[in-house]
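Hi,

Here is the structure I promised to pass on. Please have a look at it first, and then read my notes below.

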Amino acid sequence: MKLRLRLVGISLVALSLLPARGQDHSFSVKDDIAMVRFSEPRSDPGVAGSEKATPSPNGEYVALVTTKGLLASDRIESDLWVYRLRDVSTFLRGTRARLLPRVIASIISYPHREQTTAYAPVIKDLRWSSDGKSIYFRGESVSGAYRIYEARLDRRDLQALTPVNQSVDRFDVVRNTIVYKASIFPEKRVRPSNAINSDALVATGSRIQDLILPDQLTTLTPETFTISTLRYANAHWSARSVPGYSDRDMTYLSSLFPFVLSPTQTKLIALSPVLSVPDAWKRYAPANGFEHLRLSESVDGRLTSADNLARPEQLTLIDLVTGKSTPLADAPAARSLAYYLDNSSVTWAADEKRVLATNTFLKLEEPDGSDITRPCAVASFDLPTLKAQCLFFETGDLDPFALHVLAVSFGSTSDQATVTLKRGVHEQVIQQYRLRENVWRLIASSTVSGENCESAVSVQRTTTVSCDLEVTVRQTLNDPPTLWASSARTGKSLKLWDPNPQLSRMRFGEASRYEWQDKTGRAWSGILVKPVGYEAGKRYPLVVQMYSYVEGEFLTDGLYPTAFAARHLASVGFIVLQIKKKPDTLTEADPQVHLEGYRSAIATLDAAGMIDRSRVGVVGFSWTCWYAINALIKDPNLFAAATIADGLDNSYLQYLLFGVGAHSILRQMERIRETSPFGDGLQKWIDEAPGFHLNQVRSPVRIEAINPGSVLQEWELYASLRMQKKPVDLIYFPHGTHIHQKPLERLESQQGNVDWFRFWLQGYEDPDPEKRAQYQRWRALDRGPITTQPATSSP
């Protein structure tokens with residue numbers, strides 16, 4: 001330990017010798033948390049058009065939402081801003097030196113439920129009023145309830161339209177009517193359905209987490225929802241509940257599905273859970289690699305349980321007057337079987353006699369099984385007969401370079417349809433269909449760039465605003481997101497707003513796309529982040545993070561803020577490689593393929609003279625924990641330190657703990673091993689399951705468990721390493737989410753990993769006295785000091 005303590009002093013001296021560069025410091029975890037991010041427009045470089053701010057229906061304004069973390073209060077702040085387009089036009093002509101947006105609403109809270117994205121806002125789902133004078137949105141309170149708010153452009157005050165004891169999951173607006181789906185908040189505790197009496201329960205068939213952790217998994221739990229309408233008349237809003245509608249479901253994936261009010265505000269199409277699965281549904285084909293999701297009822301009968309994330313759901317037509325619900329297709333939504341690259345959407349014809357729906361299966365009609373069992377990419381449904389026709393069937397499966405549905409719309413009549421498809425990031429194909437002789441026929445097809453204003457996505461957003469003026473978010477791997485105004489007519493483009501001027505005073509490691517091949521010739525790609533002040537020919541410690549990346553998006557952590565800390569590590573002398581994992585096949589070949597990905601990346605960077613291969617660390621998050629743990633076992637000298645954050649490794653104890661009551665997990669692990677771990681199958685599990693081979697691990701391992709269920713998930717790994725006296729540290733986030741959202745959770749996860757890798761790979765200890773206990777704990781795990789001279793930059 002003398003080496004580490006000595007390096008603290010050396011680092012402080014070295015800092016004082018650094019030349020002044022007009023920049024304050026290198027980008028840190030705290031800077032990342034405080035960074036303002038655009039939440040609306042989302043600006044996903046992988047989705048063409050997502051960078052454009054949505055104009056109001058009258059073409060006078062655009063709206064934006066920004067989000068940032070507040071470390072002092074451990075909260076998230078989201079702000080709703082507007083620009084008057086007339087002022088933007090004046091700014092573009094050069095007659096105004098500076099133009100800042102006007103904030104009309106602010107909410108400070110934090111996401112209480114599991115989110116599908118990083119940096120989730122607490123202002124969501126913007127909807128313009130028909131006159132363009134108000135914006136409706138969902139805002140999350142500090143208690144975790146979502147309410148619908150109205151923010152008027154002519155004054156800075158918010159009107160809450162839904163009661164404080166409801167939490168709104170979805171809503172839609174047509175003219176003076178809002179329809180919304182909400183749960184009672186907080187939900188009243190009821191006697192469990194499996195109660196024998198006040199002191200005993202029937203546990204047979206239950207999930208272990210439901211028995212020993214009741215009411216503790218609050219970030220991902222079912223809620224009971226009803227549907228209501230709000231109508232504005234005579235200067236006030238009146239509410240009405242839709243009779244007879246009630247379902248129990250989770251909110252986690254609900255935003256990915258349609259919730260669309262009809263033009264006359266009397267009907268709604270939404271996704272509803274399936275309460276029983278017809279035997280014929282087994283014929284529907286899951287996406288490639290997801291055979292374990294095939295719709296066959298499990299032995300424990302939990303396929304349709306509300307706590308099953310893989311629960312099948314279907315599009316439903318709901319009469320808002322009577323409450324009657326009718327399946328639109330009498331078939332599951334295709335996303336239920338893992339077809340996630342095609343958008344799931346619904347569009348009404350103006351006369352309400354037809355709807356277009358995307359990414360859904362159609363009803364099986366043929367008793368001989370000759371039906372097409374793949375999803376219909378775009379289907380039309382005649383109303384009220386529900387006659388269904390498929391414009392074309394899905395053929396791209398999960399190939400990201402195949403054509404996938406992005407949006408649909410009707411033309412001037414309900415016999416005309418426009419379909420926008422995407423191929424990769426930049427290419428869109430627009431197809432025109434006509435209904436002739438009761439058959440939909442393709443009559444025209446054209447390819448456009450993702451920036452083309454005339455794409456169907458842009459047409460759907462507004463039909464009243466000229467394509468001349470656009471307000472967009474621009475960013476690159478190395479340039480933070482800023483807001484720009486541009487004119488298609490003049491070609492002029494100017495930066496409108498930089499929400500993070502402080503970043504210009506910070507130093508960043510350079511990020512670039514990196515490609516290589518493994519020994520089998522398999523191609524790999526990633527984002528390589530060089531350390532601040534990178535010197536060619538110098539060998540640096542390396543940290544490998546594997547999951548994915550978004551090319552063209554400003555990179556901070558790598559992809560998610562759980563454990564990943566790419567730029568932050570680059571700020572303190574590391575090279576970081578963010579690798580895109582290969583598609584899963586759910587076989588034992590998967591971790592072996594990714595082991596070769598790790599090995600070849602390290603070998604390639606070593607051959608280039610960039611890294612010291614004796615000082616390489618790895619971060620596994622979620623699914624890639626399996627790959628990282630496998631590498632620690634199969635090649636114990638490959639990594640000198642590791643972090644495993646909230647993921648499955650498909651091992652024996654996880655099978656026993658989570659297979660009961662979760663048939664998709666059971667089938668997933670049995671598919672990987674091609675057998676169950678009983679009888680003759682046990683030996684195969686002993687040979688292959690990671691938990692039986694943790695004696696091979698030599699690297700120090702940091703484990704991050706997020707919520708009580710995650711502790712059970714990670715316990716086999718932690719307990720085995722601990723009982724073998726191997727260096728292992730367990731960090732627990734009792735109320736965290738899989739993708740960290742709260743600032744203090746992000747700080748410990750990301751900065752904790754920066755400290756962890758600096759300790760093991762650089763021999764560095766932060767002199768901050770508040771971290772003294774952390775280093776005392778790690779020294780007790782010490783397997784021997786790093787002998788190579790590490791980088792000495794301070795955080």
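A word on terms before the notes: buried means under 20% relative accessible area, exposed means over 50%, and partly exposed lies in between (1.4 Å probe, protein chains only). Please keep in mind that this is a predicted model, where local features need pLDDT of at least 70 and side-chain atom pairs count only at pLDDT 80 or more, while totals for chains, interfaces and linings use all residues. Residues are numbered from 1 along each chain as its sequence is written, and side-chain values use heavy atoms, with hydrogens and water left out.

Let me begin with the cysteines. A disulfide here is a pair of cysteine sulfur atoms within 2.5 Å, and a search of the whole structure finds one. Cysteine 376 is joined to cysteine 390, with 2.2 Å from S to S. The link between cysteine 376 and cysteine 390 is right-handed, with 110° about the S-S bond. Cysteine 376 sits in strand β24 (residues 376–382) and cysteine 390 in strand β25 (residues 388–393), so the pair ties together parts that are 14 residues apart in sequence. Helices (H or I, at least four residues) and strands (E, at least two) are DSSP runs, numbered from the N terminus. Is cysteine 376 buried or exposed? Cysteine 376 counts as buried, at 1% relative accessibility, whereas cysteine 390 is partly exposed at 22%.

Cysteine 625 is buried too, with a relative accessible area of 0%. Cysteine 625 is one of the buried residues of helix α8, and among the others are Trp626, Tyr627 and Leu632. Ten of the eleven residues of α8 (residues 624–634) are buried, so the helix is largely enclosed by the rest of the structure.

Now for the sheets, where two strands pair if DSSP finds at least two bridges between them. Four bridges pair β7 with β8 (residues 134–140) in the antiparallel sense, and isoleucine 123 stands opposite glycine 139 in β8.

Strands β19 (residues 267–273) and β20 (residues 313–319) are paired antiparallel over seven bridges. Which residue is the bridge partner of proline 273 in β20? That partner is glutamate 313.

There is also a hairpin to look at. Strand β34 (residues 511–517) runs antiparallel to strand β35 (residues 523–529), and seven bridges join them. Glutamate 515 stands opposite serine 525 in β35. Five residues lie between the strands of this hairpin, and glycine 521 takes a positive phi near 90°.

One last item is leucine 201, which is found in strand β14 (residues 200–201). At 45% relative accessibility, leucine 201 counts as partly exposed.

Best wishes
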